[in-house]
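Trainee: Hey, could you walk me through this one? I'm new to it and would like to ask as we go.

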Protein chains: 2
Amino acid sequence: MTKLLVTVDIVLFTIRDRELQLLLIKRLAKPYEHRYALPGGFVEEHESLNAAAERELREETGVKKVFLEQLYTFGEPKRDPRGRVVTVAYYALVADTQVLQAGTDAADPAWYPVRELPALAFDHRKIVEAAHLRLRNKLDYSNVGFELLPEKFTLSELQLVHEAVLGEALDKRNFRRKIAQKALVEPLEEYRHTGRKPAQLFRFTS
Amino acid sequence: MTKLLVTVDIVLFTIRDRELQLLLIKRLAKPYEHRYALPGGFVEEHESLNAAAERELREETGVKKVFLEQLYTFGEPKRDPRGRVVTVAYYALVADTQVLQAGTDAADPAWYPVRELPALAFDHRKIVEAAHLRLRNKLDYSNVGFELLPEKFTLSELQLVHEAVLGEALDKRNFRRKIAQKALVEPLEEYRHTGRKPAQLFRFTS
DNA sequence: TCAAAAGTGTTGAAGATACACCCATGG
DNA sequence: CCATGGGTGTATCTTCAACACTTTTGA
(Lines give C-alpha, C1' and ligand atoms only; values in the text may rest on other atoms or scores of the structure.)
Protein backbone atom coordinates (compact mmCIF):
# COMPACT_ATOMS: atom_id res chain seq x y z
CA MET A 1 0.00 0.00 0.00
CA THR A 2 2.78 2.41 -0.89
CA LYS A 3 1.64 5.90 -1.75
CA LEU A 4 3.25 7.59 -4.71
CA LEU A 5 3.56 11.12 -5.97
CA VAL A 6 1.19 11.71 -8.87
CA THR A 7 1.45 14.61 -11.28
CA VAL A 8 -0.29 15.74 -14.42
CA ASP A 9 1.59 17.18 -17.41
CA ILE A 10 -0.11 18.86 -20.32
CA VAL A 11 0.96 19.17 -23.93
CA LEU A 12 -0.92 22.25 -25.08
CA PHE A 13 -0.98 22.65 -28.85
CA THR A 14 -1.95 25.55 -31.02
CA ILE A 15 -1.36 26.67 -34.59
CA ARG A 16 0.79 29.79 -34.91
CA ASP A 17 2.63 31.10 -37.95
CA ARG A 18 1.20 28.30 -40.04
CA GLU A 19 2.76 25.59 -37.91
CA LEU A 20 1.98 23.39 -34.94
CA GLN A 21 3.38 24.81 -31.75
CA LEU A 22 3.22 23.84 -28.12
CA LEU A 23 3.50 25.59 -24.84
CA LEU A 24 6.57 25.25 -22.63
CA ILE A 25 7.54 26.85 -19.39
CA LYS A 26 10.99 27.44 -18.03
CA ARG A 27 11.52 25.66 -14.75
CA LEU A 28 12.54 27.85 -11.81
CA ALA A 29 13.17 25.08 -9.31
CA LYS A 30 15.36 22.00 -9.21
CA PRO A 31 15.61 19.49 -10.69
CA TYR A 32 16.20 20.58 -14.28
CA GLU A 33 16.41 24.22 -13.15
CA HIS A 34 16.23 26.59 -16.16
CA ARG A 35 15.24 23.76 -18.49
CA TYR A 36 12.08 23.90 -20.53
CA ALA A 37 9.25 21.65 -19.44
CA LEU A 38 5.59 20.95 -19.97
CA PRO A 39 3.15 22.74 -17.72
CA GLY A 40 1.98 20.45 -14.95
CA GLY A 41 2.12 19.71 -11.27
CA PHE A 42 0.98 17.55 -8.41
CA VAL A 43 -2.50 16.09 -8.16
CA GLU A 44 -4.19 17.02 -4.89
CA GLU A 45 -6.01 14.69 -2.58
CA HIS A 46 -9.55 15.68 -3.50
CA GLU A 47 -9.43 16.63 -7.15
CA SER A 48 -9.92 14.45 -10.19
CA LEU A 49 -7.10 14.02 -12.67
CA ASN A 50 -8.91 16.16 -15.23
CA ALA A 51 -9.48 18.89 -12.69
CA ALA A 52 -5.81 18.83 -11.80
CA ALA A 53 -4.85 19.21 -15.44
CA GLU A 54 -7.23 22.13 -15.88
CA ARG A 55 -5.99 23.79 -12.72
CA GLU A 56 -2.33 23.47 -13.65
CA LEU A 57 -2.97 24.86 -17.10
CA ARG A 58 -4.78 27.81 -15.60
CA GLU A 59 -2.18 28.45 -12.91
CA GLU A 60 0.85 28.16 -15.12
CA THR A 61 -0.38 29.66 -18.35
CA GLY A 62 -3.67 31.46 -17.75
CA VAL A 63 -5.35 29.32 -20.38
CA LYS A 64 -8.86 28.06 -19.66
CA LYS A 65 -11.70 26.39 -21.50
CA VAL A 66 -9.62 24.20 -23.71
CA PHE A 67 -10.16 20.82 -25.24
CA LEU A 68 -8.37 18.46 -22.88
CA GLU A 69 -7.93 14.72 -23.18
CA GLN A 70 -5.94 12.18 -21.25
CA LEU A 71 -3.06 10.72 -23.22
CA TYR A 72 -1.02 8.16 -21.31
CA THR A 73 0.46 7.59 -17.89
CA PHE A 74 4.21 7.47 -17.52
CA GLY A 75 5.50 5.70 -14.48
CA GLU A 76 9.07 4.51 -14.86
CA PRO A 77 10.63 4.45 -11.39
CA LYS A 78 13.59 6.62 -12.46
CA ARG A 79 11.81 9.19 -14.58
CA ASP A 80 12.09 11.88 -11.90
CA PRO A 81 15.34 12.30 -9.95
CA ARG A 82 13.43 13.45 -6.88
CA GLY A 83 11.96 10.01 -6.40
CA ARG A 84 8.99 8.02 -7.55
CA VAL A 85 6.63 10.23 -9.51
CA VAL A 86 3.92 8.87 -11.75
CA THR A 87 2.62 11.39 -14.26
CA VAL A 88 -0.68 11.31 -16.06
CA ALA A 89 -0.09 13.11 -19.36
CA TYR A 90 -2.78 15.12 -21.13
CA TYR A 91 -2.90 16.93 -24.41
CA ALA A 92 -4.91 20.05 -24.99
CA LEU A 93 -5.86 22.21 -27.95
CA VAL A 94 -6.55 25.93 -28.18
CA ALA A 95 -7.12 28.49 -30.85
CA ASP A 96 -4.31 30.98 -31.17
CA THR A 97 -6.39 33.76 -29.63
CA GLN A 98 -5.98 33.17 -25.91
CA VAL A 99 -3.52 35.43 -24.18
CA LEU A 100 -0.84 33.75 -22.14
CA GLN A 101 -0.15 34.94 -18.63
CA ALA A 102 3.00 34.20 -16.73
CA GLY A 103 2.07 31.89 -13.91
CA THR A 104 3.13 32.00 -10.29
CA ASP A 105 4.97 28.69 -10.17
CA ALA A 106 6.67 28.88 -13.50
CA ALA A 107 8.30 31.49 -15.64
CA ASP A 108 7.60 32.51 -19.18
CA PRO A 109 5.02 30.28 -20.72
CA ALA A 110 5.72 30.54 -24.42
CA TRP A 111 5.05 28.78 -27.70
CA TYR A 112 7.64 26.67 -29.50
CA PRO A 113 7.28 24.95 -32.88
CA VAL A 114 6.97 21.19 -32.53
CA ARG A 115 9.56 20.77 -35.28
CA GLU A 116 12.33 22.46 -33.34
CA LEU A 117 11.92 22.05 -29.64
CA PRO A 118 14.62 22.88 -27.10
CA ALA A 119 15.89 20.20 -24.72
CA LEU A 120 13.18 19.28 -22.26
CA ALA A 121 13.18 18.27 -18.61
CA PHE A 122 12.38 14.75 -17.42
CA ASP A 123 10.89 12.45 -20.09
CA HIS A 124 8.86 15.29 -21.53
CA ARG A 125 10.25 14.73 -25.00
CA LYS A 126 8.68 11.30 -25.03
CA ILE A 127 5.39 12.74 -23.81
CA VAL A 128 5.38 15.34 -26.57
CA GLU A 129 5.99 12.69 -29.20
CA ALA A 130 3.14 10.57 -27.89
CA ALA A 131 0.85 13.60 -27.94
CA HIS A 132 1.79 14.60 -31.46
CA LEU A 133 1.20 11.09 -32.71
CA ARG A 134 -2.19 10.95 -31.03
CA LEU A 135 -3.21 14.29 -32.47
CA ARG A 136 -2.25 13.27 -36.01
CA ASN A 137 -4.14 10.01 -35.73
CA LYS A 138 -7.18 11.61 -34.22
CA LEU A 139 -7.38 14.39 -36.77
CA ASP A 140 -9.17 12.51 -39.48
CA TYR A 141 -11.48 10.20 -37.59
CA SER A 142 -12.70 12.90 -35.22
CA ASN A 143 -13.40 16.59 -35.01
CA VAL A 144 -10.47 17.70 -32.93
CA GLY A 145 -9.29 19.98 -35.71
CA PHE A 146 -11.97 22.49 -34.84
CA GLU A 147 -10.57 22.88 -31.35
CA LEU A 148 -7.57 24.62 -32.81
CA LEU A 149 -9.70 27.33 -34.43
CA PRO A 150 -11.82 30.21 -33.18
CA GLU A 151 -15.60 29.95 -33.39
CA LYS A 152 -15.72 31.37 -36.89
CA PHE A 153 -13.15 30.35 -39.45
CA THR A 154 -12.59 30.07 -43.17
CA LEU A 155 -12.11 26.79 -44.96
CA SER A 156 -8.56 27.79 -45.79
CA GLU A 157 -7.86 28.24 -42.11
CA LEU A 158 -9.28 24.81 -41.39
CA GLN A 159 -7.12 23.32 -44.10
CA LEU A 160 -4.10 25.07 -42.68
CA VAL A 161 -4.74 23.44 -39.32
CA HIS A 162 -4.82 20.02 -40.90
CA GLU A 163 -1.67 20.70 -42.88
CA ALA A 164 0.18 21.97 -39.83
CA VAL A 165 -0.73 18.92 -37.77
CA LEU A 166 -0.05 16.41 -40.50
CA GLY A 167 3.04 18.20 -41.74
CA GLU A 168 2.07 17.93 -45.39
CA ALA A 169 0.17 19.87 -48.02
CA LEU A 170 -3.37 18.87 -48.92
CA ASP A 171 -5.34 19.36 -52.12
CA LYS A 172 -7.82 22.18 -51.68
CA ARG A 173 -10.68 20.65 -53.63
CA ASN A 174 -10.36 17.20 -52.11
CA PHE A 175 -10.09 18.68 -48.65
CA ARG A 176 -13.23 20.77 -49.10
CA ARG A 177 -15.15 17.86 -50.50
CA LYS A 178 -14.27 15.71 -47.51
CA ILE A 179 -15.26 18.42 -45.03
CA ALA A 180 -18.50 19.04 -46.92
CA GLN A 181 -19.59 15.44 -46.99
CA LYS A 182 -18.94 15.03 -43.27
CA ALA A 183 -21.37 17.93 -42.77
CA LEU A 184 -19.44 19.15 -39.77
CA VAL A 185 -19.42 22.81 -40.68
CA GLU A 186 -22.11 25.24 -41.70
CA PRO A 187 -21.62 28.42 -43.71
CA LEU A 188 -22.34 31.82 -42.20
CA GLU A 189 -23.50 34.94 -43.99
CA GLU A 190 -20.24 36.59 -43.08
CA TYR A 191 -16.97 37.04 -44.87
CA ARG A 192 -13.45 37.65 -43.75
CA HIS A 193 -11.83 40.55 -45.61
CA THR A 194 -8.20 40.10 -44.71
CA GLY A 195 -6.94 38.82 -48.06
CA ARG A 196 -7.93 39.97 -51.51
CA LYS A 197 -11.10 38.10 -52.25
CA PRO A 198 -13.24 37.87 -49.10
CA ALA A 199 -13.47 34.35 -47.67
CA GLN A 200 -16.70 32.92 -46.35
CA LEU A 201 -16.78 32.15 -42.65
CA PHE A 202 -18.00 28.84 -41.29
CA ARG A 203 -18.67 27.43 -37.90
CA PHE A 204 -18.58 23.97 -36.44
CA THR A 205 -22.00 22.29 -36.25
CA SER A 206 -21.89 20.69 -32.81
CA MET B 1 2.98 17.18 -2.81
CA THR B 2 0.29 14.81 -1.63
CA LYS B 3 1.02 11.16 -2.19
CA LEU B 4 -1.76 8.97 -3.52
CA LEU B 5 -2.45 5.27 -3.66
CA VAL B 6 -1.83 3.96 -7.15
CA THR B 7 -3.11 0.65 -8.42
CA VAL B 8 -3.14 -1.23 -11.70
CA ASP B 9 -6.16 -3.15 -12.95
CA ILE B 10 -6.09 -5.50 -15.89
CA VAL B 11 -8.82 -6.49 -18.31
CA LEU B 12 -7.61 -9.83 -19.58
CA PHE B 13 -9.43 -11.01 -22.68
CA THR B 14 -9.53 -14.34 -24.40
CA ILE B 15 -11.77 -16.15 -26.85
CA ARG B 16 -13.58 -19.15 -25.40
CA ASP B 17 -16.62 -20.96 -26.74
CA ARG B 18 -16.63 -18.72 -29.81
CA GLU B 19 -17.06 -15.55 -27.78
CA LEU B 20 -15.03 -12.84 -26.13
CA GLN B 21 -14.53 -13.49 -22.45
CA LEU B 22 -12.60 -11.77 -19.71
CA LEU B 23 -11.08 -12.80 -16.45
CA LEU B 24 -12.63 -11.83 -13.13
CA ILE B 25 -11.73 -12.66 -9.57
CA LYS B 26 -13.99 -12.76 -6.57
CA ARG B 27 -12.89 -10.30 -3.92
CA LEU B 28 -12.15 -11.77 -0.49
CA ALA B 29 -11.59 -8.50 1.33
CA LYS B 30 -13.60 -5.35 1.87
CA PRO B 31 -14.71 -3.18 0.24
CA TYR B 32 -16.96 -4.99 -2.23
CA GLU B 33 -16.37 -8.28 -0.41
CA HIS B 34 -17.60 -11.24 -2.51
CA ARG B 35 -18.09 -9.03 -5.58
CA TYR B 36 -16.38 -9.76 -8.86
CA ALA B 37 -13.55 -7.50 -9.84
CA LEU B 38 -10.70 -7.12 -12.28
CA PRO B 39 -7.36 -8.56 -11.25
CA GLY B 40 -5.08 -5.81 -10.01
CA GLY B 41 -3.37 -4.31 -7.02
CA PHE B 42 -1.07 -1.65 -5.65
CA VAL B 43 1.96 -0.39 -7.49
CA GLU B 44 5.09 -0.69 -5.44
CA GLU B 45 7.72 1.97 -4.92
CA HIS B 46 10.35 0.60 -7.25
CA GLU B 47 8.46 -1.09 -10.04
CA SER B 48 7.21 0.36 -13.30
CA LEU B 49 3.50 0.43 -14.04
CA ASN B 50 3.90 -2.28 -16.66
CA ALA B 51 5.84 -4.45 -14.25
CA ALA B 52 3.12 -4.00 -11.65
CA ALA B 53 0.47 -5.08 -14.13
CA GLU B 54 2.48 -8.16 -15.11
CA ARG B 55 3.10 -9.04 -11.49
CA GLU B 56 -0.54 -8.74 -10.48
CA LEU B 57 -1.65 -10.85 -13.41
CA ARG B 58 0.84 -13.51 -12.46
CA GLU B 59 0.01 -13.43 -8.76
CA GLU B 60 -3.74 -13.45 -9.14
CA THR B 61 -4.23 -15.65 -12.16
CA GLY B 62 -0.99 -17.44 -12.94
CA VAL B 63 -1.00 -16.00 -16.44
CA LYS B 64 2.30 -14.82 -17.89
CA LYS B 65 3.74 -13.75 -21.20
CA VAL B 66 0.69 -11.96 -22.45
CA PHE B 67 0.18 -8.99 -24.70
CA LEU B 68 -0.30 -6.09 -22.30
CA GLU B 69 -1.06 -2.48 -23.11
CA GLN B 70 -1.94 0.51 -21.02
CA LEU B 71 -5.49 1.69 -21.52
CA TYR B 72 -6.45 4.70 -19.43
CA THR B 73 -6.01 6.04 -15.94
CA PHE B 74 -9.06 6.46 -13.75
CA GLY B 75 -8.73 8.91 -10.92
CA GLU B 76 -12.06 10.20 -9.70
CA PRO B 77 -11.66 11.07 -6.01
CA LYS B 78 -14.63 8.90 -4.96
CA ARG B 79 -14.01 5.85 -7.10
CA ASP B 80 -12.73 3.80 -4.14
CA PRO B 81 -14.52 3.97 -0.78
CA ARG B 82 -11.24 3.39 1.05
CA GLY B 83 -9.95 6.78 0.00
CA ARG B 84 -8.11 8.30 -2.88
CA VAL B 85 -6.92 5.59 -5.25
CA VAL B 86 -5.81 6.29 -8.78
CA THR B 87 -5.81 3.23 -11.02
CA VAL B 88 -3.89 2.72 -14.20
CA ALA B 89 -5.97 0.34 -16.29
CA TYR B 90 -4.43 -2.15 -18.72
CA TYR B 91 -5.88 -4.60 -21.14
CA ALA B 92 -4.26 -7.89 -21.99
CA LEU B 93 -4.81 -10.65 -24.51
CA VAL B 94 -4.10 -14.38 -24.29
CA ALA B 95 -4.82 -17.44 -26.32
CA ASP B 96 -7.23 -19.80 -24.65
CA THR B 97 -4.49 -22.30 -23.85
CA GLN B 98 -3.01 -20.94 -20.64
CA VAL B 99 -4.10 -22.65 -17.47
CA LEU B 100 -5.50 -20.46 -14.73
CA GLN B 101 -4.24 -20.84 -11.18
CA ALA B 102 -6.06 -19.55 -8.17
CA GLY B 103 -3.96 -16.77 -6.73
CA THR B 104 -3.02 -16.05 -3.15
CA ASP B 105 -4.74 -12.67 -2.81
CA ALA B 106 -7.89 -13.46 -4.68
CA ALA B 107 -10.24 -16.36 -5.11
CA ASP B 108 -11.35 -18.15 -8.22
CA PRO B 109 -10.02 -16.43 -11.26
CA ALA B 110 -12.50 -17.42 -13.95
CA TRP B 111 -13.67 -16.42 -17.40
CA TYR B 112 -16.94 -14.59 -18.03
CA PRO B 113 -18.45 -13.63 -21.38
CA VAL B 114 -18.23 -9.90 -22.04
CA ARG B 115 -21.87 -9.94 -23.11
CA GLU B 116 -23.17 -11.04 -19.73
CA LEU B 117 -20.96 -9.87 -16.92
CA PRO B 118 -21.95 -10.00 -13.27
CA ALA B 119 -22.01 -6.81 -11.19
CA LEU B 120 -18.48 -5.56 -10.71
CA ALA B 121 -16.71 -3.79 -7.88
CA PHE B 122 -15.60 -0.14 -8.01
CA ASP B 123 -15.83 1.45 -11.47
CA HIS B 124 -14.64 -1.75 -13.10
CA ARG B 125 -17.62 -1.87 -15.42
CA LYS B 126 -16.49 1.40 -16.96
CA ILE B 127 -12.95 0.07 -17.31
CA VAL B 128 -14.19 -3.05 -19.06
CA GLU B 129 -16.20 -0.98 -21.51
CA ALA B 130 -13.22 1.21 -22.30
CA ALA B 131 -11.08 -1.88 -22.86
CA HIS B 132 -13.62 -3.55 -25.12
CA LEU B 133 -13.95 -0.39 -27.20
CA ARG B 134 -10.20 -0.10 -27.53
CA LEU B 135 -9.85 -3.70 -28.57
CA ARG B 136 -12.53 -3.39 -31.24
CA ASN B 137 -10.96 -0.24 -32.65
CA LYS B 138 -7.50 -1.66 -32.60
CA LEU B 139 -8.45 -4.89 -34.26
CA ASP B 140 -8.42 -3.69 -37.82
CA TYR B 141 -5.63 -1.17 -37.87
CA SER B 142 -3.20 -3.37 -35.99
CA ASN B 143 -2.26 -6.98 -35.40
CA VAL B 144 -3.67 -7.50 -31.93
CA GLY B 145 -5.96 -10.22 -33.22
CA PHE B 146 -3.06 -12.62 -33.36
CA GLU B 147 -2.44 -12.23 -29.63
CA LEU B 148 -5.67 -14.10 -29.00
CA LEU B 149 -4.48 -17.16 -30.90
CA PRO B 150 -1.86 -19.84 -30.40
CA GLU B 151 1.25 -19.81 -32.57
CA LYS B 152 -0.35 -21.89 -35.29
CA PHE B 153 -3.93 -21.27 -36.30
CA THR B 154 -6.31 -21.71 -39.19
CA LEU B 155 -7.86 -18.82 -41.07
CA SER B 156 -11.25 -19.81 -39.75
CA GLU B 157 -9.95 -19.49 -36.22
CA LEU B 158 -8.57 -16.06 -37.01
CA GLN B 159 -11.90 -15.04 -38.46
CA LEU B 160 -13.66 -16.34 -35.37
CA VAL B 161 -11.48 -14.11 -33.21
CA HIS B 162 -12.45 -11.07 -35.24
CA GLU B 163 -16.10 -11.99 -35.14
CA ALA B 164 -16.06 -12.53 -31.39
CA VAL B 165 -14.41 -9.18 -30.74
CA LEU B 166 -16.57 -7.24 -33.16
CA GLY B 167 -19.72 -9.10 -32.24
CA GLU B 168 -20.78 -9.59 -35.83
CA ALA B 169 -20.38 -12.11 -38.63
CA LEU B 170 -17.87 -11.45 -41.39
CA ASP B 171 -17.79 -12.60 -44.99
CA LYS B 172 -15.25 -15.39 -45.36
CA ARG B 173 -13.95 -14.36 -48.76
CA ASN B 174 -13.65 -10.69 -47.95
CA PHE B 175 -11.98 -11.50 -44.66
CA ARG B 176 -9.41 -13.77 -46.26
CA ARG B 177 -8.67 -11.26 -48.97
CA LYS B 178 -8.01 -8.55 -46.42
CA ILE B 179 -5.72 -10.77 -44.37
CA ALA B 180 -3.89 -11.89 -47.49
CA GLN B 181 -3.19 -8.42 -48.79
CA LYS B 182 -1.86 -7.28 -45.43
CA ALA B 183 0.65 -10.13 -45.70
CA LEU B 184 0.63 -10.66 -41.95
CA VAL B 185 0.37 -14.41 -42.02
CA GLU B 186 2.30 -17.14 -43.76
CA PRO B 187 1.03 -20.60 -44.59
CA LEU B 188 2.64 -23.67 -43.05
CA GLU B 189 2.92 -27.13 -44.56
CA GLU B 190 0.67 -28.41 -41.81
CA TYR B 191 -3.01 -29.07 -41.56
CA ARG B 192 -5.45 -29.29 -38.68
CA HIS B 193 -7.59 -32.39 -38.87
CA THR B 194 -10.31 -31.65 -36.34
CA GLY B 195 -13.19 -31.05 -38.71
CA ARG B 196 -13.96 -32.89 -41.88
CA LYS B 197 -11.80 -31.28 -44.47
CA PRO B 198 -8.36 -30.51 -43.02
CA ALA B 199 -7.63 -26.78 -42.63
CA GLN B 200 -4.25 -25.31 -43.45
CA LEU B 201 -2.34 -23.84 -40.53
CA PHE B 202 -0.80 -20.39 -40.64
CA ARG B 203 1.42 -18.37 -38.41
CA PHE B 204 1.89 -14.68 -37.80
CA THR B 205 4.83 -13.15 -39.72
CA SER B 206 6.42 -10.90 -37.13
C1' DT C 1 -22.75 -41.31 -49.55
C1' DC C 2 -23.43 -37.54 -46.90
C1' DA C 3 -22.68 -33.98 -43.46
C1' DA C 4 -19.58 -30.35 -42.33
C1' DA C 5 -16.21 -27.05 -42.70
C1' DA C 6 -12.52 -25.52 -46.26
C1' DG C 7 -11.60 -23.03 -49.96
C1' DT C 8 -12.14 -19.85 -53.97
C1' DG C 9 -13.75 -14.77 -58.01
C1' DT C 10 -16.49 -11.38 -59.85
C1' DT C 11 -19.20 -7.36 -60.01
C1' DG C 12 -20.88 -2.89 -58.58
C1' DA C 13 -20.67 1.06 -55.43
C1' DA C 14 -18.33 4.24 -52.85
C1' DG C 15 -14.47 6.67 -51.58
C1' DA C 16 -9.88 8.61 -52.50
C1' DT C 17 -6.67 10.90 -55.53
C1' DA C 18 -4.82 13.68 -59.18
C1' DC C 19 -5.22 17.70 -61.63
C1' DA C 20 -6.15 23.54 -63.67
C1' DC C 21 -8.64 27.39 -64.32
C1' DC C 22 -11.74 31.53 -63.34
C1' DC C 23 -13.29 34.95 -59.70
C1' DA C 24 -13.53 38.90 -56.65
C1' DT C 25 -11.26 42.21 -54.34
C1' DG C 26 -7.66 45.68 -52.33
C1' DG C 27 -3.86 48.12 -53.39
C1' DC D 1 -4.89 46.57 -63.80
C1' DC D 2 -2.75 43.17 -61.47
C1' DA D 3 -1.34 40.33 -57.65
C1' DT D 4 -3.41 37.38 -54.27
C1' DG D 5 -5.91 34.00 -52.19
C1' DG D 6 -10.96 32.16 -52.92
C1' DG D 7 -13.58 29.12 -55.07
C1' DT D 8 -15.11 25.22 -58.17
C1' DG D 9 -15.60 19.49 -61.50
C1' DT D 10 -14.11 15.61 -63.66
C1' DA D 11 -11.77 11.33 -64.70
C1' DT D 12 -9.37 7.55 -62.73
C1' DC D 13 -8.05 4.37 -59.45
C1' DT D 14 -8.47 1.89 -55.27
C1' DT D 15 -11.03 -0.09 -51.75
C1' DC D 16 -15.00 -2.24 -49.79
C1' DA D 17 -19.35 -5.03 -49.89
C1' DA D 18 -22.36 -8.35 -51.60
C1' DC D 19 -22.93 -12.75 -53.15
C1' DA D 20 -22.78 -19.10 -54.10
C1' DC D 21 -20.71 -22.98 -55.36
C1' DT D 22 -17.11 -26.82 -55.37
C1' DT D 23 -13.77 -29.61 -52.59
C1' DT D 24 -12.13 -32.75 -49.22
C1' DT D 25 -12.50 -35.67 -45.67
C1' DG D 26 -14.32 -38.63 -41.54
C1' DA D 27 -18.03 -40.96 -40.04
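Trainee: How much space lies in the largest pocket?
Mentor: Keep in mind that this is a predicted model. The largest pocket holds about 900 Å³ of space.

Trainee: How does anyone find empty space like that?
Mentor: Rolling a probe the size of a water molecule over the atoms shows where empty space is left.

Trainee: Okay, and how many residues line the largest pocket?
Mentor: There are 22 of them, and A:L71, A:R134, A:Y141, B:R134 and B:Y141 lie nearest the centre. As for elements, strand 5 (67-74) and helix 2 (124-141) of chain A each give two or more residues to the lining, and so do strand 5 (67-74) and helix 2 (124-141) of chain B.

Trainee: What classes of residue are in that lining?
Mentor: Twelve are nonpolar, six are charged and four are polar.

Trainee: Let's switch to the two chains. How many residues of chain B are in contact with chain A?
Mentor: On the chain B side there are 25, and they are in contact with 25 residues of chain A.

Trainee: And what area is buried between them?
Mentor: About 2,300 Å² is buried between chain B and chain A, with carbon and sulfur atoms giving 59% of that area.

Trainee: How many salt bridges and polar contacts are there between the chains?
Mentor: The salt bridge count between chain B and chain A is zero. For polar contact, eight residue pairs are counted between the chains, with both residues at pLDDT 80 or more.

Trainee: Which parts of chain B touch chain A?
Mentor: Strand 1 (3-16), helix 1 (49-61), strand 5 and strand 6 (85-93) of chain B each supply at least two residues of that side. By class, the side of chain B that touches chain A has twelve nonpolar, seven polar and six charged residues.

Trainee: New topic: the backbone. Is the peptide bond from A:K30 to A:P31 cis or trans?
Mentor: That bond is cis, with omega near -5°. A:P31 sits in the loop between strand 2 (19-26) and strand 3 (36-37) of chain A.

Trainee: What about the bond from B:K30 to B:P31?
Mentor: The bond from B:K30 to B:P31 is cis, with omega near -5°. You'll find B:P31 in the loop between strand 2 (19-26) and strand 3 (36-37) of chain B.

Trainee: Why point those out?
Mentor: Because most residues other than glycine have a negative phi, and most peptide bonds are trans.

Trainee: You mentioned phi. Where is phi of B:Y32?
Mentor: Phi of B:Y32 is near 60°, which is positive in a residue other than glycine. B:Y32 is in the loop between strand 2 and strand 3 of chain B.

Note on methods: Residues numbered from 1 in each chain as written. Chains lettered and ligands numbered in written order. Predicted model: local features only at pLDDT ≥ 70, side-chain atom pairs only at ≥ 80, totals over all residues. Heavy atoms only, no water. 1 Å grid on protein atoms, 1.4 Å probe; cavity = no way out; pocket = protein on both sides within 12 Å on 5 of 7 lines; lining within 4 Å. Points joined across faces, edges and corners; volume = space filled by probe spheres on them. Helix = DSSP H or I, 4+ residues; strand = E, 2+ residues; numbered from the N terminus. Nonpolar A, V, L, I, M, F, W, Y, C, P; charged D, E, K, R; others polar. Contact = heavy atoms within 4.5 Å. Buried area = accessible area lost by both parts, 1.4 Å probe. Salt bridge = Lys/Arg side-chain N within 4 Å of Asp/Glu carboxyl O. Polar contact = N/O pair within 3.5 Å; in protein donor to acceptor, adjacent residues only side chain to side chain.
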